[in-house]
Amino acid sequence: MNFLNEIAQRFPDAISLAAGRPFEGFFDPADVHRYFDVYREHLTTRLGGDEAAVRQTLLQYGRTKGIIHELIAEHLRVDEGITADPQALVVTVGCQEALYLTLRALRRTDRDVLLAVTPSYVGAHGAARLADMRVLPVRESAEGIDLTDLSAQVARARAAGLNPRACYVIPDFANPSGLRLSLEARRRLLEIAAEEDLLILEDNPYGLFGDPGGPPTVKALDTTARVVYLGSFAKTGLPGARVGYVLADQRVAGTDGTLADQLAKIKSMLTVNTSPIAQAVIGGKLLAHQGSLRAANVRETAHYRANLAHVLSGLERRFGRAAGTSPDGAGGHPSGVSWNVPAGGFFLLLTVPFPAGDELLEVSAEKFRVLWTPVHHFYADAQPRNVMRLSFSHLRPEEIEEGLNRLADFIRYCCRD
Ligand SMILES: Cc1ncc(COP(=O)(O)O)c(C=O)c1O
């Protein structure tokens with residue numbers, strides 16, 4: 001990520017099909033004050049008008065697990081059909097901290113390992129490295145996860161004396177592939193997790209931008225506390241607030257608490273508590289929309305869907321109509337360029353006829369002023385692959401057009417004899 005940020009800084013006039021950021025066109029600093037005040041009023045009512053207690057809650061060091069846990073539980077009920085015990089929630093400094101806390105708690109000895117659908121989010125690999133936890137890759141498939149490979153990896157790890165603790169998965173519009181797990185795959189994943197005594201770490205920053213009739217989250221299907229649910233308000237709330245959370249309602253053997261209690265202990269030594277000011281802003285946004293971030297993001301959802309459609313039609317115009325479509329929507333193409341067709345989210349994968357690594361990204365930035373993400377970063381190895389991640393969430397239509405023009409020029413340049 002540092003490398004990608006550094007390239008973006010060196011070529012500020014490059015169009016970035018690399019940054020997986022929310023669209024800034026709807027950001028308004030006035031919202032920060034507005035939402036803060038909504039939460040403050042709510043708190044004043046809740047605390048019976050005790051202004052000193054309100055000041056203390058908002059401005060003093062605070063509860064390690066956070067102050068907006070009840071609002072988040074209500075949001076999970078409204079938007080995701082998840083029944084969450086507010087006491088099992090820890091409000092974190094972004095989902096990134098939630099990932100780290102969870103992995104740090106699960107890693108007890110150096111035999112404890114994480115399985116991760118691969119390619120997968122760079123930050124998950126980074127958090128695992130920081131927690132000194134090995135990651136074993138599980139193959140992605142057209143359905144999002146190769147469940148046969150998951151069982152095989154668990155067996156192989158156990159045979160090698162390792163202890164697979166959990167499987168990390170992004171079931172909705174994965175980063176980087178954009179894939180979405182079917183309902184059937186979600187059910188089967190839960191069954192395998194129960195058979196193999198694994199936890200599932202479900203990371204879901206993009207799901208709310210999908211079709212409301214889409215499959216439920218794995219956590220909503222979970223009746224036996226197999227799923228640790230990782231949430232982020234970076235895309236659905238205000239990214240600058242840096243607020244996320246983890247729902248960890250698993251009982252921990254030998255204690256009278258939950259995994260959330262353990263996470264809170266670690267957090268108390270790491271960030272102490274998540275800024276109550278930032279939580280108040282997110283809490284106010286939740287209150288202003290009756291707990292529904294789906295309702296709060298109607299404009300954003302329309303923008304992301306339109307951008308996805310724009311990129312797909314733009315690719316088709318430049319590289320021809322995909323000839324034949326495989327089950328995951330990947331299409332072969334005479335020019336050797338193909339792409340998958342996600343149903344939503346911020347990303348898709350573009351396959352090109354050459355290994356698209358960091359060195360070519362440098363060429364792309366310098367000569368063509370367009371950025372994309374080499375997919376090997378999502379595999380935690382340095383092996384360039386013929387695939388790049390394209391993200392389109394933060395762009396306007398005219399930037400997508402120009403970005404795709406530059407990308408097509410770059411691909412032509414790489415394919416010249
Ligand atoms: C899959 C996934 N998980 C977690 C995060 C990090 O979320 P946050 O910004 O809340 O730390 C991201 C950010 O891009 C992501 O794509």
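Seven strands build an open sheet with mixed pairing, in the order 2-8-7-6-5-3-4. Two strands pair if DSSP finds at least two bridges between them. The model is predicted: local features need pLDDT of at least 70, side-chain atom pairs count only at pLDDT 80 or more, and totals for chains, interfaces and linings use all residues. Residues are numbered from 1 along each chain as its sequence is written, and side-chain values use heavy atoms, with hydrogens and water left out. Helices (H or I, at least four residues) and strands (E, at least two) are DSSP runs, numbered from the N terminus.

- Strand 2 (89–92) and strand 4 (134–139) are the edge strands, and each pairs on one side only.
- From one strand to the next, the twist averages 20°.
- Strands of a sheet pair through backbone hydrogen bonds, either parallel or antiparallel.
- Strand 2 pairs with strand 8 (residues 244–247) in the antiparallel sense, over four bridges.
- Thr-92 has Gly-244 of strand 8 as its bridge partner.
- Strand 5 and strand 6 run parallel and are joined by four bridges.
- Opposite Cys-167 stands Ile-200 in strand 6.

**Strand 6, enclosed**

- Five of the five residues of strand 6 (residues 199–203) are buried, so strand 6 is largely enclosed by the rest of the structure.
- Buried means under 20% relative accessible area, exposed means over 50%, and partly exposed is in between (1.4 Å probe, protein chains only).
- Both faces of strand 6 are covered. Leu-199, Leu-201 and Asp-203 are buried on one side, and Ile-200 and Glu-202 on the other.

- Contact means heavy atoms within 4.5 Å.
- Axes are lines fitted to C-alpha atoms, for helices over the stretch in contact, and angles run from 0 to 180 degrees between N-to-C directions.
- Helix 10 (residues 259–268) lies across strand 2, strand 7 and strand 8. Helix 10 runs at about 30° to strand 2.
- Helix 6 (residues 122–130) has Val-122, Gly-123, Ala-124, His-125, Ala-127 and Ala-128 buried.
- Those buried residues of helix 6 pack against helix 5 (94–106), strand 3 (112–118), strand 4 and strand 5 (163–169).
- Asp-132 follows helix 6 and has a positive phi, near 60°.

**Helix 5 against helix 10**

- The axes of helix 5 and helix 10 come within 9 Å and cross at roughly 110°.
- That makes helix 5 roughly perpendicular to helix 10. Angles under 35 degrees count as roughly parallel, over 145 as roughly antiparallel, 65 to 115 as roughly perpendicular and the rest as oblique.
- Helix 5 contributes Glu-97, Leu-101, Thr-102, Arg-104 and Ala-105 to the contact. Helix 10 contributes Leu-259, Gln-262, Leu-263, Ile-266 and Lys-267.
- By class, the contact of helix 5 with helix 10 has five nonpolar, two polar and three charged residues. Ala, Val, Leu, Ile, Met, Phe, Trp, Tyr, Cys and Pro count as nonpolar, Asp, Glu, Lys and Arg as charged, and the others, Gly among them, as polar.

**Helix 2 against helix 3**

- The axes of helix 2 (residues 29–46) and helix 3 (residues 51–59) come within 9 Å and cross at roughly 135°.
- The two helices, helix 2 and helix 3, are therefore oblique to each other.
- Phe-36, Tyr-39, Arg-40, Leu-43 and Thr-44 of helix 2 make the contact with Glu-51, Val-54, Thr-57 and Leu-58 of helix 3.
- Five nonpolar, two polar and two charged residues make up the contact of helix 2 with helix 3.

**Single residues**

- Ser-364 lies in helix 14 (residues 358–368) and counts as buried at 0% relative accessibility.
- Leaving aside neighbours within four places in sequence, Ser-364 contacts Arg-369, Val-370, Trp-372 and Phe-410.
- The C-alpha atoms of Ser-364 and Asp-409 are separated by 9.4 Å, and the two residues are 45 residues apart along the chain.
- Thr-236 sits in the loop between strand 7 and strand 8 and counts as buried at 4% relative accessibility.
- Gln-60, in the loop between helix 3 and helix 4, is partly exposed, with a relative accessible area of 42%.
- Not counting residues up to four places away in sequence, Gln-60 touches Arg-55 and Pro-276.
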